[in-house]
Amino acid sequence: MNDLNQQFEVIYRDNYEKVMRLCRGYASGDAVLAHDLVQEVFVKVWESLAKFKGNSQVSTWIYRIAVNTCLMRLRKKKRYLFQGELQNEVVAENEGQSSIKEQQFKKMYQCIAKLSSTNKSIILMELEGLSQKEIAHVMGMKHEAIRTRIHRIKIQLSKCVTHGGV
Amino acid sequence: MEEYEKIKQVWQEQSITQPSEQDFRNLKDRIALVAAKQKIGNIVLLVTAGILVYFFYHIGAIAMTKVALALAAMIGVLLLRVAVELFSIHTLKKISAALDFTSFNSKLAAYYKKRIGVHFILTPIALLIYCYSFWTLLPSFKMSLSEGFYQYISVSSLVILVVLGILIFTQAYKELRILKGLKSDV
C-alpha cells in the first residue's frame with residue numbers, strides 16, 4: 001500500500017462519523033441516501049488528495065468537500081430534499097430507541113430541511129461543534145457574517161422545533 | 001437559546017456505526033468504477049467517431065460532392081456537439097470541490113450559464129444543420145436504396161429526432177433548475 005492510499009484510509013476512518021452526520025442532515029435523515037452521499041464525498045476526497053497542500057486544516061478541507069458535494073448532488077436530484085420532506089428511513093438506525101427520541105430526531109431533521117442550503121450548511125457545522133472561524137473558512141464568508149447568521153438560524157430552528165414553523 | 005442547546009444535544013446523540021473493512025473496500029471499488037467509466041466513455045466516443053469516418057469513406061461519399069458535403073456536415077455537427085460535451089464535462093470536473101462554498105457556487109453558476117448558451121444557441125443551430133443535411137440526402141437515398149429501407153430510414157430518423165429533442169430539452173431544463181438553485185443559495 002503506498003503513502004497516498006494509507007493517508008486516504010486514515011482520513012476516511014478519522015472523518016467518517018462527522019461526514020456521515022453532516023450528510024444525514026442534508027438527506028433529511030435518509031440513511032440510504034446519506035450513505036451514498038458519504039461515498040461520493042470520499043470519492044472526491046480521493047480525487048483531491050494528491051493536490052491537498054495542507055494550507056488549511058484537514059477537517060476544514062473535508063468539510064468543504066462534503067458541503068459542496070452533498071449540495072451539488074442534491075441539486076441534481078429531481079425532487080429537492082430541502083423542502084421539508086422527510087423519508088421513512090429517517091430513524092431506521094434508531095429503531096430500538098424510545099419513540100420520544102425518534103420524534104425528536106424526526107422533528108429536528110424536518111426543521112433543518114426547511115432552511116436554505118446556505119443556512120443549513122452553516123447550522124449543520126455548528127451542530128457538529130465547529131468554531132465560527134472554521135465555518136467561515138468552509139463557507140468563504142466573513143466571520144462577522146457567520147456569527148450573525150448563526151444567531152438568526154438558532155432562533156429559527158428553536159422556534160421550528162418548539163412550534164413547528166420556520 | 002436553551003431550546004437550541006437541546007437540539008444540539010439530540011444531534012450529537014445520533015448513533016453512527018464505524019465503517020467496516022467491507023465499507024472501505026466498497027468505497028475503493030466505487031473509486032475504481034469512476035475511473036473505469038471515464039475510460040469507457042472516452043473509448044466509446046473514439047470508436048463512434050471512427051465508425052462515422054469509416055462510413056463516410058466506405059460509401060464512397062468523397063466521390064459525390066453533394067452527398068459528401070451533406071454527410072460531412074452531419075458528421076461535423078455531431079462531432080462538434082460531442083466535443084463541446086466532453087469539454088463541458090472536463091470543465092465541470094476541474095471545479096475543485098475543495099473550494100470554499102461561496103467560490104464553488106459562483107464557479108458552478110458561471111459554468112451553468114455557459115451551458116445554457118450551449119443548449120439554447122449551439123444545439124438548435126447544430127440540429128438545424130443536421131436536419132437540413134439529412135433532408136438534402138433523402139433524394140440520393142431514394143435513388144440508391146430499396147423502397148422499404150428508404151421508408152425505414154425516413155421514419156427512424158424522425159423518431160431519433162424526437163427522442164433527441166426530448167433528451168436535450170430534459171437536460172436543458174435540469175441545468176436551468178440547477179442554475180436557479182445556485183442563484184437562490186444565499
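Modeller: Start with chain B: 12% of its 186 residues count as buried, meaning that 20 or more other C-beta atoms, placed from the backbone, lie within 10 Å of a residue's own; exposed is 12 or fewer, partly exposed in between. The model is predicted: local features need pLDDT of at least 70, side-chain atom pairs count only at pLDDT 80 or more, and totals for chains, interfaces and linings use all residues. Residues are numbered from 1 along each chain as its sequence is written, while chains are lettered from A and ligands numbered from 1 in the order in which they are written.

Chain B has five helices and zero strands (DSSP runs: H or I of at least four residues, E of at least two, numbered from the N terminus). Its radius of gyration is 24 Å, well over the 16 Å of the globule rule for 186 residues, so chain B is more spread out than a compact globule. That radius is taken over C-alpha atoms, and the rule is 2.2 Å times the number of residues to the power 0.38. Along the principal axes, the C-alpha atoms of chain B fill a box of roughly 85 × 40 × 30 Å.

Now the packing. The largest nonpolar core has 60 residues, and Val19(A), Cys23(A) and Ala66(A) are among those with the most contacts inside it. Such a core joins buried Ala, Val, Leu, Ile, Met, Phe, Trp, Tyr and Cys residues through C-beta atoms within 7 Å.
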